[in-house]
Amino acid sequence: SASSASSASSAAVTEYLDAQIARLREPCASFLHLHLAIRADGLPTTPSEAFPAQWASLESWDRGVDAPRNLALVSCASLLDPDLAPPGYHVVHAYVPA
């Protein structure tokens, strides 16, 4: 029945999420968060394919996203909300597992 399929699906999702949360409880060896403001002269004011609001660079999925020097995540939130930065600037956040 549709009800039992839905229950099985919900149980599978719950089990998956619990496993993911358990993984997150393991300490990360180290990481770097960088928050800064940059001058926006010559930079776009809205996100585009050429200059997205968020992007990532991953060397190898096989090493995992928490492997040292394997991943860099960068976001420029002021492309989505200009009020997050002073006029003439963008805010940038970068995360790198070290």
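**Close-up views of the predicted model**

**View 1. Pairing of strands β1 and β4.** In this predicted model, strand β1 (residues 31-39) pairs with strand β4 (residues 89-97) in the antiparallel sense, over nine bridges. Strands are DSSP runs of type E with at least two residues, numbered from the N terminus, and two of them pair if DSSP finds at least two bridges between them. Opposite Ala-37 stands Val-91 of β4. Residue numbers start from 1 along each chain as its sequence is written. Local features need pLDDT of at least 70, side-chain atom pairs count only at pLDDT 80 or more, and totals for chains, interfaces and linings use all residues, while side-chain values use heavy atoms, leaving out hydrogens and water.

**View 2. Pairing of strands β3 and β4.** Three antiparallel bridges join β4 to strand β3 (residues 71-75). Tyr-95 in β4 is the bridge partner of Leu-73.

**View 3. Arg-69 in the loop between β2 and β3.** The loop between β2 (54-58) and β3 contains Arg-69. This residue has a positive phi of about 55°, although it is not a glycine. Most residues other than glycine have a negative phi. Arg-69 is exposed, because its relative accessible area is 64%; exposed means over 50%, buried under 20%, and partly exposed in between (1.4 Å probe, protein chains only).

**View 4. Ile-21 in helix α1.** Ile-21 belongs to helix α1 (residues 2-24), a helix being a DSSP run of H or I with at least four residues. Ile-21 counts as partly exposed because its relative accessibility is 40%.
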